[in-house]
Amino acid sequence: MTTTNVGIRSQGSGDQAHDPFAVRLVEITLMFWVGQAVGAFARLGMADAFAGRPRTVDDLAARTGCDPQGLRRLLRSLTGVGVVREAPSGVFALGELGQYLRADHPDSMRGLAVLQSEPWMWRVFEQLPQGVSTGTAPIGNVLGTDSYWTWLRDRSEERRVFDAGMVSVAKALQIPTALSYDYRDVRRIVDVGGGLGQVLTAILTANAHVGGVLFDQPGTVADARRALADAGLSGRCSVAGGDMFQAVPEGGDTYLLSFVLMDWDDEHAARLLGNVAAVLPAGGRVLVLDCLVDHDGDTGAAGHPFHMGRTVDLFQMCMGSARVRSRAEFEDLYARAGLRLQALHLPQAPVSLMEVVAV
């Protein structure tokens, strides 16, 4: 019996039977299944179930309470993206990416994988075509609110999942960007909208001469205070709660806005920057960590371009009135607050650092 590959071949295509552009589009359109598969793998604690060594499907199923056949199909689907590897014997092992889905990995992305597979996220993005057509944020139709921050405020479990996802994002993107800056002349950082303080913690840990203030909503700072204490930073970092659109704490020579401005429209962003400018001392600076929509770097794996800023901008369009901005748009915002962009660090990275000073 002879087996052949049957297909229509273009002249000069050699052994290529399929149009690579069509195949690539098939891959792209199926990636939402892959994202859900990664989310399921993370939710089920599968990476931790391996416990450091290859295992059979039956072993993993027993450890996680899964159906062996269903689990086998999940694992096989993730062999092509580096999450797991399959040996000829049918034994599976964690791949390089799968290691980052362990809860105990120092740079664990498990929280982000779970967050991105949350049902409310997918329900909002289902209405992306309507958002593009009408210019209105789909979140209003789906969740009955104008902002995901408003929706999360009174939903403790969803907020817990969201916060865990943001910790993953901080580890992968914000912290490396923040640590690329030279803090030798910094004495006290006020982290405005700093969440659980993961970025500020990394900065203070790497720069023993720097003190800090973490400022966020009153409902957030209690958890941040515990996180800073766990990091041994209670003596060098205080915590304050309040409304950043009303005022921000005085006393810093450096103010940090990490993934904050992207969450707000121009009116709110300018008001916040104005509040920071009002307390910025002579010679002080504002460090803005954010994505840019106009960088042209290739940040994707395997040669496939992935533009972080432009992709995140879709999230912001669906989830409220916020957006990811260009350098020129940021400069306009700074000017409205009496500030100016002094330096742009890592302009081609997924997350850039803007050093902003008073005019």
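Hi everyone, let's start with a crossing: helix 14 and helix 16 cross in a right-handed way, meaning that the near helix is turned clockwise from the far one by less than a right angle. Before I go on, this is a predicted model, where local features need pLDDT of at least 70, side-chain atom pairs count only at pLDDT 80 or more, and totals for chains, interfaces and linings use all residues. Residues are numbered from 1 along each chain as its sequence is written, and side-chain values use heavy atoms, with hydrogens and water left out.

Back to our pair. Helix 14 covers residues 266-279 and helix 16 covers residues 327-336; helices here are DSSP runs of H or I with at least four residues, numbered from the N terminus. Their axes are 8 Å apart and meet at an angle of about 50°, with each axis fitted to C-alpha atoms over the stretch in contact and angles running from 0 to 180 degrees between N-to-C directions. The two helices are therefore oblique to each other, a label for whatever is left after under 35 degrees (roughly parallel), over 145 (roughly antiparallel) and 65 to 115 (roughly perpendicular).

Which residues of helix 14 and helix 16 meet? On the helix 14 side we have Asp266, Glu267, Ala269, Ala270 and Leu273, and on the helix 16 side Leu333, Tyr334 and Arg336, with contact meaning heavy atoms within 4.5 Å. Those contact residues divide into 5 nonpolar, no polar and 3 charged.

Now for salt bridges, where a side-chain nitrogen of Lys or Arg lies within 4 Å of a carboxyl oxygen of Asp or Glu. The structure holds 14 of these salt bridges. One of them joins aspartate 266 to arginine 323, at 2.8 Å from N to O. That pair links distant parts of the chain, 57 residues apart, with aspartate 266 in helix 14 and arginine 323 in the loop between helix 15 (308-319) and helix 16. Aspartate 266 has 25% relative accessibility, so it counts as partly exposed, which means between buried (under 20%) and exposed (over 50%), using a 1.4 Å probe and protein chains only. Arginine 323 is partly exposed too, at 26%. Asp266 and Arg323 also belong to a salt-bridge network with Arg325 and Glu329.

Inside helix 16, glutamate 331 and arginine 327 sit 4 residues apart, about one turn of the helix, and their side chains form a salt bridge at 3.8 Å, N to O. Glutamate 331 is partly exposed at 34%, and arginine 327 is partly exposed at 39%.

Thanks, everyone!

Notes
Ala, Val, Leu, Ile, Met, Phe, Trp, Tyr, Cys and Pro count as nonpolar, Asp, Glu, Lys and Arg as charged, and the others, Gly among them, as polar.
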